[in-house]
Amino acid sequence: MLEVGCGIGLTTAQAGRHFKGDAVGVDLSLAALGAVEHYNANPFLHFVQASAFHLPFEPEAFDVVYSRGVLHHTYSTHDAFMSIAGYCKKGGRLYLWVYGPGSIDENPFRRWPTAQK
């Protein structure tokens with residue numbers, strides 16, 4: 001399992017437990033290094049600081065590729081998607097979620113504080 005945009009590694013760790021196998025988290029920020037330190041006792045969790053555009057893995061190396069709320073922060077959502085999609089094995093699963101127009105403003109939890117002003 002590969003998570004692109006893992007931050008501090010919470011979702012990567014949960015996925016590792018769920019899939020009962022190796023899980024790899026990648027993040028461009030220094031948060032990936034914090035995840036390395038936090039999860040260093042788990043030999044099935046791996047974290048790498050890298051760009052979604054230049055991942056240090058072989059093509060089609062993962063059964064699952066996951067990225068939630070990250071790729072639209074790159075210079076090209078399309079190019080980022082095309083980059084990470086190549087790391088998913090044929091017949092594997094690719095999960096991607098990006099913010100759409102109105103997706104934040106339409107969230108009732110985000111709307112409520114604004115309405116209280």
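## Helix, cysteines and pocket

C88 is buried at 11% relative accessibility, where buried means under 20% relative accessible area, exposed over 50% and partly exposed in between (1.4 Å probe, protein chains only). C6 is buried as well, at 6%.

| Residue | Relative accessibility |
|---|---|
| C6 | 6% |
| C88 | 11% |

The number of disulfides (pairs of cysteine sulfur atoms within 2.5 Å) is zero.

The model is predicted: local features need pLDDT of at least 70, side-chain atom pairs count only at pLDDT 80 or more, and totals for chains, interfaces and linings use all residues. Residues are numbered from 1 along each chain as its sequence is written, and side-chain values use heavy atoms, with hydrogens and water left out.

Helix α1 spans residues 10-19, and its buried residues are T12, A13, A15 and G16. These cover an arc of only 160 degrees around the axis, so they lie on the same side of α1; the arc is that of the directions from the helix axis to the C-beta atoms. Exposed R17 and H18 sit on the face turned away from that buried side. Cover for the buried residues of α1 comes from elements including β1 (2-4), β2 (23-27) and β3 (45-49). After α1 comes K20, with a positive phi near 55 degrees.

The lining of the largest pocket has 13 residues, with D27, L28, A52, V70 and T74 nearest its centre. A pocket is an open set of points on a 1 Å grid over the protein atoms alone, where a 1.4 Å probe fits, with protein on both sides within 12 Å along at least five of seven lines; lining residues have an atom within 4 Å of a point.

Terms used: Helices (H or I, at least four residues) and strands (E, at least two) are DSSP runs, numbered from the N terminus. Contact means heavy atoms within 4.5 Å.
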